[in-house]
Amino acid sequence: MSSQLPNIDVASHSALLSRRVFLRGALAGAGLAGLAAISAAPTVATAQRVSQASSNASGTLNLWHYFNVDAQVGLLATWTGLFNQLYPNIKVVTSYVEFQQLSQKVIAATGAKQGPDVLIYGGSDLVQMYKAGALKSLQPYWDQFADAGQYPDGVITRFDDQIYGVKPYVNLVAWWYNKDILDDVGVTPPKTFADVTPAFAKVAAAGKNYLPLAITGRPDNQGDWTSWPWLTGYGFSYDNLDQSAAEQGFTLAAGWSSNGYLSKDGVSWGQSETFDRFVAGDVAFMQNGNWNIGSAKDQLKFNYGIVEMPAGPKTGNIFLGGEPGWMGAFTSQPDIAWAYLSQVFSKPGDLASLMAGSIPARNDLANDPQVTGEPLLVPFANEIKTRGTEYPPQGGNQIAAQLVVAQNWSAVVAGQKDGPTAAEDTIAGINAIKPA
Amino acid sequence: MTGVMRYTWPARIGAILLLIGYGTPLYWLVTTSFKLSNDVFKGLSTFLTFVPTLAAYQRIWTPSLLHAGVNSFLIAAGTTLLTLALGVPAAYALARLRGSIVSIGLGLVIILQMMPQTASVIPLYEVLGRWTLLGSIPGVVLADAALLLPFCTLLLRPFFLAIPIEVEEAATVDGASAWRVFARIVLPMAVNGTVTAGIIIFLIAWGEFLYAISFLVDPQQYPLSVLIASQIGQYGNNWPALMSIAVAAGLPILLIFLVSYRRLREGIALGSVR
Amino acid sequence: MVEPVRTTVDSPYPRLANRAGVGRRGFRLEGKGLFLVPAGLYLAGLTFFPMYELVRMSFSRVTPEVLYKPWPFAGLNEFQLAIASPDFSQAVLNTLVYVVVVVVSGLVGGFVAALILWRATPLTSFTFGVVVFVWAMPPLVNASVWRFLLDQRGLIDSILVLFHLPAVLWLVDGRLPLVAVALVNAWASVPFATIVYRAAFMDIPGELLEAAAVDGAVPRQIILRIILPQMRPVMVVLSVVTVVYAFRSFDFIYIMTSGGPGTVSTTLPYLAYREAFQGYQYSVGAATAVIAVCIVLGMAVVYMRQVRAEQRA
């Protein structure tokens with residue numbers, strides 16, 4: 001990793017960052033070989049001009065997001081840098097709003113006919129922002145976008161057949177492990193569901209106070225996101241409310257809870273807290289995402305590795321997360337907003353996603369050495385190809401259904417419900433949901 | 001006056017128990033601000049034995065922190081002044097008036113406090129938008145004052161009830177108007193309660209988060225409460241940084257309180273009527 | 001200085017007795033109504049309006065789709081949905097438990113703490129400073145700290161384990177999470193009651209205490225016979241304020257357990273939040289919130305009656 005610092009004009013005004021901290025964070029967060037190569041890219045004028053706005057245009061661009069980790073904030077700065085190359089007189093103000101509040105703020109702003117110019121948001125409730133009238137269609141711009149074909153359908157969000165959001169990158173979960181513990185106990189990462197519990201048992205039996213599994217159990221969107229591979233591994237899905245599949249999935253987890261293979265305190269953990277727990281160094285396995293790669297290189301003081309999630313009898317699916325870029329419905333300068341977004345979707349902009357440990361979505365980057373060269377990203381990339389499903393799931397009253405699943409997952413992690421009860425309550429709860 | 005209460009050993013034990021009950025979490029809070037991230041979750045072993053580092057403080061000590069502190073102060077001070085300006089006369093009125101207006105007023109005040117803050121955001125967004133106060137600190141001040149005014153009124157009423165009516169009657173007989181009686185006679189006697197309520201309101205507004213993050217847009221206007229909240233999130237937590245900002249944010253508060261507390265003790269002798 | 005509101009028969013200091021609001025004939029009380037106007041107007045625009053919208057929402061069917069369009073009227077439908085929720089009755093019970101814990105702790109604990117810290121010694125002054133500093137922390141900080149302390153590997157359980165006792169899963173097991181969060185909330189709000197009591201203590205007439213000392217009263221008698229009665233108006237208001245505060249308390253649950261595990265620690269405010277902002281059934285959440293308001297309204301009516309009775313005295 002070269003010590004050459006990125007040559008980017010940091011015009012963004014995040015309250016979290018001073019220039020010194022950003023630069024240090026950007027390097028630390030990326031921690032990938034060849035960062036200098038990535039960050040040097042913006043100085044080459046490959047930024048495409050696809051909007052009608054004059055490069056002399058001046059004003060302010062408001063971008064709302066929920067990124068609070070150094071590496072992600074650095075990603076925003078990269079995009080801003082690309083944008084400011086073409087539009088040096090536009091001040092980009094990136095505004096952090098906590099994840100749980102961001103969609104509320106956007107919806108509230110809609111009432112006052114205000115809102116961001118650009119929004120970076122990937123929560124499971126994004127359709128609600130559309131319903132409230134907070135978003136503007138990207139279709140006219142996308143139709144003119146030369147790189148439109150680079151983005152697979154799975155990362156494009158449409159409402160009423162119009163494109164509203166596109167994910168420049170994908171985030172998903174995989175199976176992290178503490179190599180030192182595994183070597184000590186003589187265990188290899190499990191490949192199928194059948195291998196999982198025996199692996200945990202072996203770790204626990206070693207008598208060294210190792211915690212076999214750190215996993216998220218909070219009864220909100222985090223719970224549903226986490227339980228998905230396990231429930232779908234037996235064939236459950238929102239289109240196929242298979243109670244016996246759900247029962248098998250919940251029973252598997254209930255067994256971990258009753259045997260003490262996971263920490264019941266996980267019921268108050270989001271994925272960030274789960275990672276915090278893993279950092280402590282006495283946990284054998286963790287289900288968590290690629291975005292932790294940067295922090296992992298900083299904070300993990302032990303040898304670790306990542307493999308694909310164990311596969312169930314029906315293999316199972318993994319939600320493809322990530323933040324689409326959106327345009328606010330009340331932007332006073334849609335051309336400028338699109339100019340920013342087009343930089344996000346451009347090749348150098350998309351490649352910069354690696355900085356945050358995310359996997360670029362563009363087809364022409366799938367075989368880029370930057371992407372394939374990072375061993376920690378390989379399992380994630382494979383999972384995308386073989387097991388990824390769209391997030392949030394479409395159709396029906398999904399949010400309410402997701403909450404039902406999340407609550408039951410949480411109850412199972414806490415050891416308060418056994419598999420059959422949780423499955424029964426889940427199916428009943430989902431069926432009881434009235435159509436929106 | 002307090003010398004009357006002999007300081008018996010139960011009180012001493014009580015003080016120590018209080019100190020343990022409040023001091024231990026505070027100790028954990030402060031020590032965590034001196035830890036590295038991977039020492040935070042390590043259990044009892046790092047309660048006492050860990051390698052202290054200033055990393056978190058170095059990280060947060062940026063102009064943004066001071067800026068946010070100024071924002072917090074502006075919001076808290078503005079809210080306190082506005083709330084007291086409206087609430088003190090209202091509490092006085094509700095203490096002195098007769099008839100159903102008082103009971104209805106009090107009932108309303110209680111009910112209005114039950115309004116969930118999260119549910120107020122959408123209507124207030126519209127209201128503030130109409131007055132072009134969005135994205136500004138005065139807008140947040142207005143929202144916070146609306147939140148705290150019922151509470152302030154309720155809290156201050158007994159302090160006004162406690163002032164003997166004879167004093168006011170005497171002044172009125174002398175020809176003073178209602179306003180003069182209030183401003184010159186009654187108010188000085190309610191200093192104790194007013195300052196107490198003011199401190200409480202200041203502290204609540206200082207820590208207020210939801211309205212700040214909802215109604216402000218430019219991150220340079222964000223107060224400390226938002227800065228604290230931004231240390232934990234979907235993609236990562238930084239507990240030492242969170243605790244260090246909390247400590248940094250708490251120190252000026254402690255200072256203000258200690259200063260006003262001394263004045264409070266002395267001010268009482270002046271305010272009492274024998 | 002707090003005067004007793006009502007003349008008590010056995011008070012040795014009748015000249016200090018006062019009946020608030022009643023004076024000699026001719027004492028003008030008009031003009032005081034004007035003092036209410038600024039606050040009244042302000043609240044009308046900024047607090048009453050949102051409340052009105054909330055109630056209107058509870059009688060309509062509101063989702064993000066129609067949020068900024070005319071709301072279709074739904075009569076009592078949303079209330080039926082709210083009550084029919086499998087978590088509703090649990091939430092009501094949970095709320096009552098929560099309120100009892102927080103209110104009792106606040107009223108009693110605050111009084112005891114105020115007594116303990118009344119006399120200024122180095123120990124009490126330092127303790128008071130610590131207590132205030134802790135109270136000044138935003139709920140996010142206090143709740144997060146306690147989430148760590150109550151973790152299986154946190155301080156409390158580590159001490160239990162040290163004494164060979166089983167670790168307690170405070171935020172997980174059975175009904176414990178609700179009580180644990182309520183206790184943390186109580187802990188965080190007792191200082192408020194302490195500060196208020198303290199202010200009231202300072203208003204107790206010195207002569208009362210001195211005379212009692214001269215008569216040779218022991219602290220227990222002083223507390224029960226002189227201080228406590230003087231606290232009546234303060235305690236009434238403190239009860240009202242704390243009950244409302246506990247009834248609408250949301251932050252600690254949100255941060256510590258997210259209403260879980262499952263829905264064990266879900267109270268009415270949290271349920272309303274979940275329905276409105278996680279489930280996007282705005283009107284159902286509004287209905288739940290309005291039900292909570294009505295419960296408090298019942299208590300408010302009791303208070304209002306008492307205020308009227310006092311005025312007639």
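In the predicted model, helix 10 of chain B is largely enclosed by the rest of the structure, because 15 of its 17 residues are buried.

When the contacts in chain B between residues at least 6 apart in sequence are considered, 75% of them join residues at least 24 apart.

The chain averages a pLDDT of 86, and 91% of the residues score at least 70. Among the elements of chain B, the lowest mean pLDDT, 68, belongs to helix 2 (residues 45–48), whereas the highest, 95, belongs to helix 11 (residues 210–215). Over residues 267–274 of chain B the pLDDT is below 50, although this stretch has eleven contacts in the model beyond near neighbours in sequence. Where pLDDT is low, the predicted coordinates should not be read in detail.

Chain B also meets chain C, with 85 residues of chain B in contact with 96 residues of chain C. On the side of chain B that touches chain C, 59 residues are nonpolar, 21 are polar and five are charged. Chain C is in turn in contact with chain A, through 23 residues of chain C and 26 residues of chain A; the side of chain C that touches chain A has ten nonpolar, ten polar and three charged residues.

Within chain A, two domains are assigned, domain 1 (19–171 + 321–388) and domain 2 (173–320 + 395–431), and their C-alpha centres lie 29 Å apart. The contact between these domains takes 25 residues from domain 1 of chain A and 22 residues from domain 2 of chain A. On the side of domain 1 that touches domain 2, helix 1 (19–30) and helix 16 (378–387) of chain A each supply at least two residues, and helix 16 of chain A gives the most, with six residues. By class, this side of domain 1 of chain A has eleven nonpolar, eleven polar and three charged residues.

The largest nonpolar core has 325 residues, of which Ala212(B), Ile228(B), Ile245(B) and Ala246(B) touch the most other members. Helix 7 of chain C (residues 176–202) gives the most to this core, with 18 residues. Domain 1 and domain 2 of chain A both give residues to the core as well, so the core lies between them. The surroundings of one of its members, Ala212(B), can be described residue by residue: leaving aside residues up to four places away in sequence, Ala212(B) touches Ile75(B), Val140(B), Tyr222(B), Pro223(B), Ser225(B) and Val226(B).

How values were computed:
Residues numbered from 1 in each chain as written. Chains lettered and ligands numbered in written order. Predicted model: local features only at pLDDT ≥ 70, side-chain atom pairs only at ≥ 80, totals over all residues. Buried ≥ 20, exposed ≤ 12 C-beta atoms within 10 Å, placed from the backbone. Helix = DSSP H or I, 4+ residues; strand = E, 2+ residues; numbered from the N terminus. pLDDT = per-residue confidence, 0-100. Contact = placed C-beta atoms within 7 Å. Nonpolar A, V, L, I, M, F, W, Y, C, P; charged D, E, K, R; others polar. Domains from an automatic or database assignment. Core = buried A, V, L, I, M, F, W, Y, C linked by C-beta atoms within 7 Å.
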